[in-house]
Amino acid sequence: MGNASETGRFVSTIPKEHDVFMGAVYTTFCVLSLLGNCILLLVAYRKRSSLKPAEYFIVNLSISDLGMTVTLFPLAIPSAFAHKWLFGELTCSYYAVCGVLFGLSSLTNLTALSSVCCLKVCFPIYGNKFSSSHACLMIVGVWCFASVFAVGPLAHWGRYGPEPYGTACCIDWYAPKHDALAMSYIICLFLFCYVVPCTIIFLSYTFILFTVRGSRQAVQQHVSPQTKTANAHSLIVKLSVAVCIGFLSAWTPYTIVAMWAAFSTSLHVPPIAFALAAIFAKSSTIYNPVVYLLFKPNFRKSLTNDTAEIRRRICSSPCKGSPLPEEKDPQTSQRCNNKDISNSTHLSNGLPDNHGACLHCAESHGQQATLQRTACVLTGSTHSELTVSQMSEKMQADFI
């Protein structure tokens, strides 16, 4: 009976075609999130020495999004395609803990970022004293705060269980109807993990807006030496607002549906409502890398440089298979000869000897290049002109 009851709890309650659609959407989100967040973390690692304190929160948000991606999607995708939860009660609790932990850490991280932006823009005297060590301490506090609410249901403050649509797990939103302790958990979760963070974010960016509008005329009339720094802060603020709007837009539908289930007098919320809200919530993992990689100049420049370097390494021999010297393409020849003219050494016949520039072309025509190089050898008061191939090995070594 126990096994039959557990099996019944983990069977999908929505049509199979809807589950297949969810699985396809989750697969897309998983791929985009993995690529975007891994690239963002790689770019941040490459420029780690020049990261600003506010950018630490961007990196932490990417870590949180990546954590949600690697812990939730590998379980949710096969379950959606199978039309049931495949992994049992213990894994259900693990899935729910990870979902709450990474979801709350992302929201709390955005709250901390908005506070830091407000401090730097509205109170620059104190904001300029905000250092990387302060950012690290705040990030530790973000994870500790999220951990309290993630571990709470494991300590019987609240309860974890399958989602109403049956192919994933989260907080049991119906528990407050018959459990006062679960009710207190849901109330605290709603107040301290949604209402308070959203209020702080809203007030922070409202103060920033009024401060920027009030000082715009002064900045236009008198450009101070700190204008460049102010512009950098302004850009971070704009991008942070974009990420916050995307994140809150993703999680607000789920919050509304969850509160509907927890406090409504009706027995059940339609499972399809939870399924659609879950899709919106999991889309939050792709907003951060998209916004910062596409619209933040230093991140975008670093990504462009790395991409160009990779392309240069992959295309190591574009001149391979080129025609013989007398038949070679003039455009290819010009490109190879002009690749790095500043590093070339002109010999006595006026031909450039490129060191390290367009080496793949030099390999194709190495024999011809060697035969054409000449040197003037001074012996006493006379000198003679020899090709490099006619010189002794010692003279060639000294010459090269």
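What share of the contacts between residues at least 6 apart in sequence join residues at least 24 apart? Here is my note, with that answer in the second point.

1. First, the ground rules. This is a predicted model, where local features need pLDDT of at least 70 and side-chain atom pairs count only at pLDDT 80 or more, while totals for chains, interfaces and linings use all residues. Residues are numbered from 1 along each chain as its sequence is written, and side-chain values use heavy atoms, with hydrogens and water left out.

2. Now the overall picture. The protein has 15 helices and 6 strands; these are DSSP runs numbered from the N terminus, with helices (H or I) of at least four residues and strands (E) of at least two. Back to the opening question: 73% of those contacts join residues at least 24 apart, a contact being heavy atoms within 4.5 Å. Of the 400 residues, 42% count as buried. Buried means under 20% relative accessible area, exposed means over 50%, and partly exposed is in between (1.4 Å probe, protein chains only).

3. Accessible areas come from the Shrake-Rupley method with a 1.4 Å probe, and for residues only the protein chains shown count as cover.

4. Next, the inside. The largest nonpolar core has 53 residues, and Tyr26, Tyr165, Ile171, Trp173, Tyr254 and Phe274 are those with the most contacts inside it. Such a core is a set of buried Ala, Val, Leu, Ile, Met, Phe, Trp, Tyr and Cys residues joined through side-chain atoms within 4.5 Å. H4 gives the largest share of this core, 9 residues. Take tyrosine 165: leaving out residues up to four places away in sequence, its partners include Val11, Met22, Tyr26, Pro271 and Phe274. There is also a second, separate core of 36 residues, with Leu107, Leu110, Cys122 and Phe247 among them.

5. Which cysteines does the disulfide join? Cysteine 92 and cysteine 169 are the pair, with an S to S distance of 2.0 Å, and the structure holds 1 disulfide (a pair of cysteine sulfur atoms within 2.5 Å). Cysteine 92 lies in helix H4 (residues 88-122) and cysteine 169 in strand E2 (residues 169-171), so the bond ties together parts that are 77 residues apart in sequence. The disulfide is left-handed because its torsion about the S-S bond is about -120°. Cysteine 92 is buried at 1% relative accessibility, and cysteine 169 is buried too, at 3%.

6. Then a cysteine without a bond. Cysteine 122 is in no disulfide; the nearest cysteine sulfur belongs to cysteine 118 and is 3.9 Å away. Cysteine 122 counts as buried, at 17% relative accessibility.

7. Ile187, Leu191, Phe192, Val195, Val196, Ile200 and Phe263 make a nonpolar surface patch of about 530 Å², and helix H7 (residues 180-221) gives the most to it, with 6 residues. Phenylalanine 192 is in helix H7 and counts as partly exposed because its relative accessibility is 44%. Over in helix H8 (residues 227-263) sits threonine 255, which counts as buried at 15% relative accessibility. Apart from neighbours within four places in sequence, threonine 255 is in contact with Phe190 and Tyr194. For the patch, residues need over 30% relative accessible area and no salt bridge; like charges are joined within 9 Å, and nonpolar side chains (Val, Leu, Ile, Met, Phe, Trp, Tyr) within 5 Å. A salt bridge is a side-chain nitrogen of Lys or Arg within 4 Å of a carboxyl oxygen of Asp or Glu.
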